[in-house]
Amino acid sequence: MTLKYLDETGLGLMLSVISSWFVKGRGKQFKIPTRWGSDGRVNVLGTLSLSGAGEQLEYRLLEGQCTRDQVVAYLQTLAERCDPAGLTVVVLDNAPFHKGGELTKRREEWEKQGLYLRYLPAYCPFLNLIETTWRKLKGFLMPRRCYNSVAELTEALLAAFKLLGAVQI
């Protein structure tokens with residue numbers, strides 16, 4: 001049996017502000033402008049695969065934001081790589097693009113190929129083991145800096161994936 005935890009993540013050219021300081025009683029929330037907007041991001045769809053052979057991170061860089069069509073295409077790739085005699089279970093969270101539409105239509109076909117979809121309980125991201133991998137990627141393996149271009153950010157991301165032994169699919 002192979003268990004795969006699927007999730008998406010995104011990285012921006014600018015570091016996120018984790019915390020700030022205000023004089024007591026004067027704190028307020030404020031929006032931090034970026035010079036790139038949504039064009040300054042690299043989005044990734046990935047699975048953390050656990051099997052008797054060990055742990056493997058698989059990923060796909062996305063064009064723009066993650067959509068249901070991209071999730072379906074990724075799952076189709078996983079299904080094509082499955083052994084119908086084996087059992088591969090993909091664990092997903094309850095994001096809207098993980099449910100309905102084309103996923104529902106193809107589910108029976110994927111099960112014939114040995115790929116089964118299972119969903120986490122609502123509001124339980126801590127049960128999705130790939131979240132730990134994303135934290136390691138962003139917090140330790142990616143240089144903590146602002147990037148000048150998406151190409152530079154992508155290069156740093158690919159270097160981090162190489163350190164993790166990740167496979168692009």
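What share of the contacts in the protein chain with a separation of 6 or more comes from residues 24 or more positions apart? I looked it up: 74%. Contact here means heavy atoms within 4.5 Å.

I am working on a predicted model, where local features need pLDDT of at least 70, side-chain atom pairs count only at pLDDT 80 or more, and totals for chains, interfaces and linings use all residues. Residues are numbered from 1 along each chain as its sequence is written, and side-chain values use heavy atoms, with hydrogens and water left out.

**Whole chain.** I found four helices and six strands. These are DSSP runs numbered from the N terminus: helices are H or I with at least four residues, strands are E with at least two. Their order from the N terminus is β-β-β-α-β-α-β-α-α-β. Of the 169 residues, 39% count as buried. Buried means under 20% relative accessible area, exposed over 50%, partly exposed in between (1.4 Å probe, protein chains only). The chain exposes about 10,400 Å², and carbon and sulfur atoms supply 54% of that area. The areas come from the Shrake-Rupley method with a 1.4 Å probe.

I traced an open sheet of six strands with mixed pairing, in the order 5-4-1-2-3-6. Two strands pair if DSSP finds at least two bridges between them. Strand 5 (115-119) and strand 6 (167-168) are at the edges; each has a single partner strand, so one side of each lacks a neighbour in the sheet. Helix 4 (residues 150-164) packs on the sheet and touches strand 1 (2-12), strand 2 (41-51) and strand 3 (54-62). The direction of helix 4 makes about 165° with that of strand 3. Axes are lines fitted to C-alpha atoms, for helices over the stretch in contact; angles run from 0 to 180 degrees between N-to-C directions.

**Strand 4 and Val90.** Strand 4 (residues 88-92) runs parallel to strand 5, joined by five bridges. I picked Val90 in strand 4. Its bridge partner in strand 5 is Leu117. Val90 is buried, at 0% relative accessible area. Thr2 is 88 residues from Val90 in sequence, yet 8.5 Å away C-alpha to C-alpha.

**Helix 1.** I checked the length of helix 1 (residues 68-80): its 13 residues should span 18 Å at 1.5 Å a residue, and the end C-alpha atoms are 18 Å apart, which agrees. The expected span is 1.5 Å times one less than the number of residues. Buried residues in helix 1 include Val71, Val72, Tyr74 and Leu75. Their cover includes strand 4, strand 5 and helix 2 (101-112).
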